[in-house]
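Q: I'd like a close look at a single helix. Can you walk me through it?

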Amino acid sequence: MTRSRPGRHFLQIPGPTNLPGRVARALSRPTIDHRGPECASLTFSILERLQQVFQTSGPVIIYPSSGNGGWEAALVNTLSPGDRVLFCANGQFAAGWTKVANGLGLTVEELQGDWRCPVDLAALEERLAADSGREIRALAMVHNETSTGVVNDVAGARAALDRTGHDALLMVDVVSSIGAMDYRHDEWGVDVTVAGSQKGLMIPPGLGFNAVSSKALAAAETARLPRAYWNWGPILEFNARGFYPYTPSTNLLFGLDEALSMLFEEGLPQVFARHNRLAKATRRAVRGWGLEVLCRDPHAYSSALTAVVMPEGYDADDLRQVILERFDMSLGTGLGQVKGKVFRIGHLGDLNELTLAGTLCGVEMGLAVCGVPHVREGVSQALAFLAKDQ
């Protein structure tokens, strides 16, 4: 029998994030007729505000899926068997997207990068310039790499495409940045943006998103990869009337509607500034402990999470387990090539200064319990920063 624990569990992984009370209550509303006028009104309201979140005037498509479904939808709607896709590979989630592409029979090429640094734009531009036959049909990258806390320069990738006169589609994963960090689908010239519901959008897992450019819609007309469930065409046709060509996740849509209201009540610029400020405080704590942030480039620091490097000879997952058992807090594990070497502090979604302060206290106590070499100044440095006027 699981014992009851006082207080609340601190869910400080970089997604799924803590569920706001308002969203939880919205999720519990009675299910509605997904062919009735209430659903149509809900759909129109959500789609209009999603365009503002993605900063696009084009369509945003909602799937009952995870972000992985959004990956597949981006590929099958725009490409044909054997098409070459160039993936900017500097993290575990970029690697995951390549696996989907391989499974679909696409020709996958990876521009390998240092997991501790953003995508090398000079190397990217060099590769694009060398593609004289224009065999690369799509360029795919992750905006905020959730496995490392490294932010990639999407606008810079678009500039590389433009300078080389390359016509490849630009596809971007924003699963852990949308709703937490500034992202500009139209301004940055993105063709397909892939997102999920469970991080900055503050609702449970279960919804995937594609924001789609006119160029991507044109590509969909000639793409020959098999698609049925993921097909943009029927969804857009039904969305024009406020409906879906399948049974939508109506209660998740209730939650999304409420979460969007919360984002716009705070104001998107203020949301981004809050995340940026809490991220800075977290990095102050890491340095105060004498530990190292995984991301080496200060210009590429994530506002959504911080990956912390463990001292040589100490296992990050052992630390995470102790913190979970002793202090009832979940931290993110290291993934792929940094497994056991880093732990990740999620600081996105529905949180404020006091939530972050409790999180950092839990980490500092865990470091002490585990005997990890550190200086006990991390929390005090973060609190001093947070106490300053915004």
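Which residues of H11 are buried?

A: Quick ground rules: this is a predicted model, where local features need pLDDT of at least 70, side-chain atom pairs count only at pLDDT 80 or more, and totals for chains, interfaces and linings use all residues. Residues are numbered from 1 along each chain as its sequence is written, and side-chain values use heavy atoms, with hydrogens and water left out.

Now the helix. Helices here are DSSP runs of H or I with at least four residues, strands are E runs of at least two, and both are numbered from the N terminus. The buried residues of H11 are Ala-316, Asp-317, Leu-319 and Ile-323. They cover an arc of only 155° around the axis, so they sit on the same side of H11; that arc is taken from the directions from the helix axis to the C-beta atoms. Buried means under 20% relative accessible area, exposed means over 50%, and partly exposed is in between (1.4 Å probe, protein chains only). On the face turned away from the buried side you'll find the exposed residues Asp-318 and Arg-326.

What do the buried residues of H11 pack against? Their partners are strand S13 (329-333), strand S14 (342-346) and helix H12 (353-369), with contact meaning heavy atoms within 4.5 Å.

As for the ends, Asp-315 caps the N-terminal one, with a side-chain oxygen 2.7 Å from the backbone nitrogen of Asp-317. Just after H11, Asp-328 takes a positive phi of about 60°.

Note on methods. Polar contact = N/O pair within 3.5 Å; in protein donor to acceptor, adjacent residues only side chain to side chain.
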